[in-house]
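I am keeping short notes while I look through this structure. Each entry records what I looked up and what I found.

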Amino acid sequence: MAILLSEIAALIDGARLIGSDQVVHGISHDSRKVEPGFVFAAMKGSNQNGYNFIQTALNMGAVGIVVAQANLDTISLLEEISILIVPSVRQNLGIISCAIYDNPSKKINLVGITGTNGKTTTSFLLDSALSASGIRTGVIGTIEVRSANKRYGSTYTTPEAPDLQAVLAEMVENDVETVSMEVSSHGIDQMRIEGTSFRIGIFTNLSPEHLDYHGTMEQYYYAKSRLFEANRCGFVIINIDDTWGRRLAHQVQVPRVTFGTSADADYRIENTKVSTDGTKFSLIHKDSIFDLSTHIVGSINALNATAAFIAATELGAPAEVVIQGISQCSSVDGRFQLVEAGQPSMVVVDYAHTPDSIANLISTVRSLLPPNGKVFAVGGARGGRDRLKRPSLGAALASADCAILTTDNPGNEDPEAIITQLLLGTLDMPPQKVHIELSRSSAIEYAVMNACESDGVVIVGRGHETTIRIGETTSHLDDREEVARAARLLAAKNKSDFNSTSQLSQSDNCAHA
């Protein structure tokens, strides 16, 4: 792929080129990722100023730079170089990236999935449904970027524009036909998807999150709704069980269908049955009834599977093959992931990190337990974000029989201060329901060691993640590995108790007081 800087300038109102015209083969806003033939997009971020890395980018082989008119004086001392000046780098980065990589989204079927919860699961279910139909697929999202048989770890749910267009271009080269892509509100608001064309857009749901960034639910909804604008998206699939989804269904100006348990949904979900083996339900559309199942546990996954079913059939895949593909999706990393490490209790690791998703998860686990079963919930709150929702997170965790409040990537925030804010949501609850353990490893150990065979443990907030940052230190921590470690400790303790002829009874050994 190659394009002249002058050709890029012609696409942007108010752009101008200083210096010689250059052939461009790629673009990056990160000087460390610049390759020979790239242009470097210099802009100010929340933590770094790209103008400080212009010389580094040139040393890496950049043939020019993209800067905003307002910041032109910043580079006046550099040697003569090719400079593309635009009114705003952030606002034009997507358009520039699309042009450099030859508009790859127009050459594939791109499905954008947005909402507070369910994006990752829906994308994996859709990918499985399409793969079963013989379609060559790709995935872009929170867990990974997958292009045919190649996999990359994800930095953002929705990549920055240069990275997004580069990976889409790579997928085109790999003959990928359809891509399931998670689209975050940050990605939309920060214009990472500008210039990208979506064949289908999916709206899963909306509940309070990222309000430290968006300010209000109205602004959060507005950001999400921009995915479905007519110049960006050709067809929309909307969950109208969600109040915001019902509003969206009345506002979109493109063809759309609705789904949910609501009587007026175009695709209506009925007879949902949840077990430890997964989720089964019937889907009614016009005169047709489809019986679907997924190995992913939870009634919410009937909604996720329905969205995947609609999208796959809309893309031309046969319904019976789509149903088979959805049933073959064994699990999604860190989403209602059952961990069996020899412990007596059910243990579920999940990425749930909003009050609604945590409360729903606890309710689902409780429904799978015997009548005398108790639910232990381990969780916390991220540092540096959504401080106002922390009391609600604490209340959701305390909907379990025992809540163990702990650390969850506090970053530069004081973990004890975060937990204090979580506790504000538990003030009207019996104090014995809430246990505080700053060490996440110790919190998981406490839950696993104290849960009986009839109990369930839910560990929320991190799901698939394997590192944790406390202060400036990032270290390895995998909730699933911690469950296995705690299970080994419990087995050793029980063996020691047995050998000393003082084995505790099951009821004495559990926190059921």
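**Entry 1: a threonine in a loop**

I began with Thr426, whose side chain reaches the backbone oxygen of Leu423 at 2.9 Å. I noted that this is a predicted model. I then looked up where Thr426 sits, and found it in the loop between α14 (415-423) and β23 (434-436). Is Thr426 buried or exposed? Thr426 has a relative accessible area of 7%, and the cut-off for buried is under 20%, so I wrote it down as buried. Leaving out residues up to four places away in sequence, I listed what Thr426 touches: Gly394, Ala395, Ala398 and Val434.

**Entry 2: the nonpolar cores**

I reminded myself that nonpolar side chains tend to be buried together in soluble globular proteins. I looked up the largest nonpolar core and found that it has 40 residues. Among those with the most contacts inside this core are Ile200, Ile237 and Phe309. Which helix gives the most to this core? I found that it is α10, residues 300-314, with nine residues. A second, separate core has 37 residues, including Ala9, Ala15, Ala62 and Leu93.

I went back to Ile200 and checked its contacts, setting aside neighbours within four places in sequence. Among them are Leu110, Val111, Cys233, Phe235, Ile237 and Ala311.

**Entry 3: helix α10**

At 1.5 Å a residue, its 15 residues should span 21 Å. I found the end C-alpha atoms of α10 to be 22 Å apart, which agrees. After α10 comes Gly316, with a positive phi near 100°.

I traced an open sheet of eleven strands with mixed pairing, in the order β11-β10-β9-β12-β8-β13-β14-β15-β16-β17-β18. Its edges are β11 (150-153) and β18 (288-294); each has a single partner strand, so one side of each is left without a neighbour in the sheet. From one strand to the next, the twist averages 20°.

I looked at one pair inside this sheet. β9 (residues 137-140) and β12 (residues 178-182) pair in the parallel sense over four bridges. Ile140 stands opposite Met181 in β12. Helix α5 (residues 161-173) lies across β8, β9, β10, β11 and β12, and runs at about 165° to β9. Helix α9 (residues 243-251) packs on the sheet and touches β13, β14 and β15. I recorded an angle of about 145° between the directions of α9 and β14.

**Entry 4: the sheet of five strands**

I found an open sheet of five strands, again with mixed pairing, ordered β2-β7-β6-β5-β4. Which strands are at the edges? They are β2 (16-18) and β4 (26-28), each pairing on one side only. Neighbouring strands here are turned by 25° against each other on average, direction ignored.

Strands β2 and β7 (residues 83-86) run antiparallel and are joined by three bridges. Ile18 stands opposite Ile83 in β7. Helix α3 (residues 89-100) packs on this sheet and touches β4, β5, β6 and β7.

Conventions: Residues numbered from 1 in each chain as written. Predicted model: local features only at pLDDT ≥ 70, side-chain atom pairs only at ≥ 80, totals over all residues. Heavy atoms only, no water. Helix = DSSP H or I, 4+ residues; strand = E, 2+ residues; numbered from the N terminus. Buried < 20%, exposed > 50% of the residue type's maximum accessible area, 1.4 Å probe, protein only. Polar contact = N/O pair within 3.5 Å; in protein donor to acceptor, adjacent residues only side chain to side chain. Contact = heavy atoms within 4.5 Å. Core = buried A, V, L, I, M, F, W, Y, C linked by side-chain atoms within 4.5 Å. Pairing = 2+ DSSP bridges. Axes fitted to C-alpha atoms, helices over the stretch in contact; angles between N-to-C directions. Expected span 1.5 Å × (residues − 1).
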